[in-house]
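I am opening a notebook on this structure. The entries below record what I looked up, in the order I went.

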Amino acid sequence: MHSYWQGISRIDLTTWDCVTFDAETWGNHVLCSADESSFYIPMPNQIEVFDRADGEKSVYNWSEHENWPEGAKITGAYLTENDRMYLHISREDAMVPEEIKRAVWYVDTKGDWSQPTVLATLGELAAYSVTRLCGEYGGTLVLTDGDKLYAYDTESDKLAELCAFPQNGVICAGGYILTQTDS
């Protein structure tokens, strides 16, 4: 998906057909996930869902949810093969204890969007210690606590330590984790 100066358009890479879904003004690229029926676009405290067939938009806003950290924003959202949208939520406030600065939630995209599940742990890692969701592939989330990079199997609730977190960042593409190396 790519955003133009105004609106979001989908270009089919097989037929080159272009369909405009929304006329709101967006900046640069729009990060999104998609499944067979919808596109999911994370916003600061909500997810916008566009039906792929007709372009109709639904908005799911959890800022009034009882577990939503005050002043928090969605900093990452990934759709897994088991129809779950995992959300990383964080707030930047030096006066707030680490235990309530961050959270990881998931929503069943084929179920009730109004009742997200708040995770306490991902495997043996406390959910509040996750500083970033970096990517997803085949039901495995790639995430970090700022020091190490992990693979979290969302089906089995197993966490595997991959390596020290690269200081220059990580890109997940397909089944690969890419990072810059020193030459």
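Which residue in β9 stands opposite Leu-79? I found Met-85 there. The model is a predicted one, in which I use local features only at pLDDT of at least 70 and side-chain atom pairs only at pLDDT 80 or more, while totals for chains, interfaces and linings use all residues. Residues are numbered from 1 along each chain as its sequence is written, and side-chain values use heavy atoms, with hydrogens and water left out.

I took strands as DSSP runs of E with at least two residues, numbered from the N terminus. β8 and β9 pair in the antiparallel sense over six bridges; pairing requires at least two DSSP bridges between two strands. The two strands form a hairpin with four residues between them.

Entry on phi. Most residues other than glycine have a negative phi. I noted a positive phi near 60° for Asp-83, which lies in the loop between β8 (73-79) and β9 (84-90). Asp-83 counts as partly exposed because its relative accessibility is 25% (buried is under 20% relative accessible area, exposed over 50%, partly exposed in between, with a 1.4 Å probe and protein chains only). I also noted a positive phi near 60° for Asp-157, in the loop between β16 (148-153) and β17 (158-164). At 36% relative accessibility, Asp-157 is partly exposed.

Entry on aromatic rings. I counted five aromatic pairs, taking rings of Phe, Tyr and Trp (its six-membered ring) with centres within 6.5 Å; planes under 30 degrees apart are stacked, over 60 edge-to-face and the rest tilted. Trp-68 and Trp-105 make an edge-to-face pair, 5.4 Å centre to centre with 85° between the planes. Trp-68 sits in the loop between β7 (57-61) and β8, and Trp-105 in strand β10 (residues 102-108), so this pair ties together parts 37 residues apart in sequence. Trp-68 is buried at 9% relative accessible area, and Trp-105 is buried at 0%.

The ring planes of Tyr-86 and Tyr-106 are at 40°, so I logged that pair as tilted, with centres 5.4 Å apart. Tyr-86 is in β9 and Tyr-106 in β10, so the pair joins parts 20 residues apart in sequence. Arg-84 lies over the face of Tyr-106, 4.2 Å from the ring centre (the rule wants NZ of Lys or CZ of Arg within 6 Å of the centre and within 35 degrees of the ring normal).

Entry on cysteines. I found zero disulfides, a disulfide being a pair of cysteine sulfur atoms within 2.5 Å. For Cys-163, the nearest cysteine sulfur, that of Cys-134, is 9.9 Å away.
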